[in-house]
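The sequence and the structure come first, and the notes follow.

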Amino acid sequence: MKIAIIGAGNMGGSIARGLAKGSLIDDSDIIVSNPSAGKLEKLKKEFPGISVTNNNAEAATGADIVILAVKPWFIEPVMRELKLKSKQILISVAAGISFEELAHYVVAPEMAMFRLIPNTAISELESMTLVAARNTNDEQDKFILRLFSEMGTVMLIPEDKIAAATALASCGIAYVLKYVQA
Ligand SMILES: NC(=O)c1ccc[n+]([C@@H]2O[C@H](COP(=O)([O-])OP(=O)(O)OC[C@H]3O[C@@H](n4cnc5c(N)ncnc54)[C@H](OP(=O)(O)O)[C@@H]3O)[C@@H](O)[C@H]2O)c1
């Protein structure tokens, strides 16, 4: 399984680190794309086996799984640029972007998609990750749940529970850090 991560910010970078620490994916099968170089250089220093690029299309070509970890307002332009194939699996961590919306931006709306809400503890393999699926089969569901269960606790939920899950499991960690800071 080759995995491309588009966006190396807080979430994309944390997922890349979590995947590299896990046992299911070789570092050499992870490629991370980001427009500016600093975050990629830092990642590469920590995990030299990971490939990095500033070209999203290059990262996505040949990947079995493409993880979108850009801000929600960049999802549309980035997805249009990627031209994903129907046999690829799309994972979006973008808060508030529904499957319906994602399906508008892909060439093959019937492709397998997951919406994932992890939190940044994923880099320490301690995330609570909520997952919703669309057009996926049992094998794909099992693989994605197994992959992310190496990075914490995972739960498959219906898409209509994703917003509540985001407030709790994703923003929750920021609230707790605010209490600690105070
Ligand atoms: N942070 C969390 O705890 C969390 C939790 C759950 C879900 N999410 C979701 O994760 C997504 C990313 O959030 P974040 O907190 O990781 O934001 P972030 O730290 O700002 O990271 C976004 C990254 O995307 C890069 N980027 C910008 N334009 C791009 C493009 N055209 N192609 C490829 N990469 C591009 C940015 O690069 P430059 O900085 O070089 O411009 C930046 O490194 C959001 O959709 C958010 O809803 C975040």
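## Around the ligand

Of the 23 residues around the ligand, those that come nearest are Met11, Asn34, Ser36, Lys39 and Val70. The model is a predicted one.

Lys39 also has a side-chain N or O atom 2.5 Å from an oxygen atom of the ligand. In Lys71, a polar side-chain atom lies 3.3 Å from a ligand oxygen atom. Ala95 takes part through its backbone: one of its backbone N or O atoms is 2.9 Å from an oxygen atom of the ligand.

Strand S1 runs over residues 3-6, and both of its faces are covered. Ile3 and Ile5 are buried on one side, and Ala4 and Ile6 are buried on the other. In a regular strand, side chains alternate between the two faces of the sheet.

S1 pairs in the parallel sense with strand S2 (residues 30-33), over four bridges. In this pairing, Ile3 stands opposite Ile30 of S2.

## Helix H4

Which residues of helix H4 (residues 75-82) are buried? They are Ile75, Val78, Met79 and Leu82. Seen down the axis of H4, these buried residues fall within an arc of 95°, so they line one face of the helix. An α-helix has 3.6 residues a turn, so residues three or four places apart point the same way.

The buried residues of H4 are covered by elements that include S1, S4 and strand S5 (89-92), as well as helices H3 (56-60) and H5 (99-104). After H4 comes Lys83, which has a positive phi, near 50°.

Ser86 belongs to the loop between H4 and S5. Is Ser86 buried, exposed or partly exposed? Its relative accessible area is 45%. Buried means under 20% and exposed means over 50%, so Ser86 counts as partly exposed.

Leaving aside residues up to four places away in sequence, Ser86 touches Ala108, Glu110 and Met111. Ser86 and Met111 are 25 residues apart in sequence, while their C-alpha atoms are 4.8 Å apart in space.

How values were computed
Residues numbered from 1 in each chain as written. Predicted model: local features only at pLDDT ≥ 70, side-chain atom pairs only at ≥ 80, totals over all residues. Heavy atoms only, no water. Buried < 20%, exposed > 50% of the residue type's maximum accessible area, 1.4 Å probe, protein only. Helix = DSSP H or I, 4+ residues; strand = E, 2+ residues; numbered from the N terminus. Pairing = 2+ DSSP bridges. Arc of directions from axis to C-beta. Contact = heavy atoms within 4.5 Å. Near = heavy atom within 4 Å. Polar contact = N/O pair within 3.5 Å; in protein donor to acceptor, adjacent residues only side chain to side chain.
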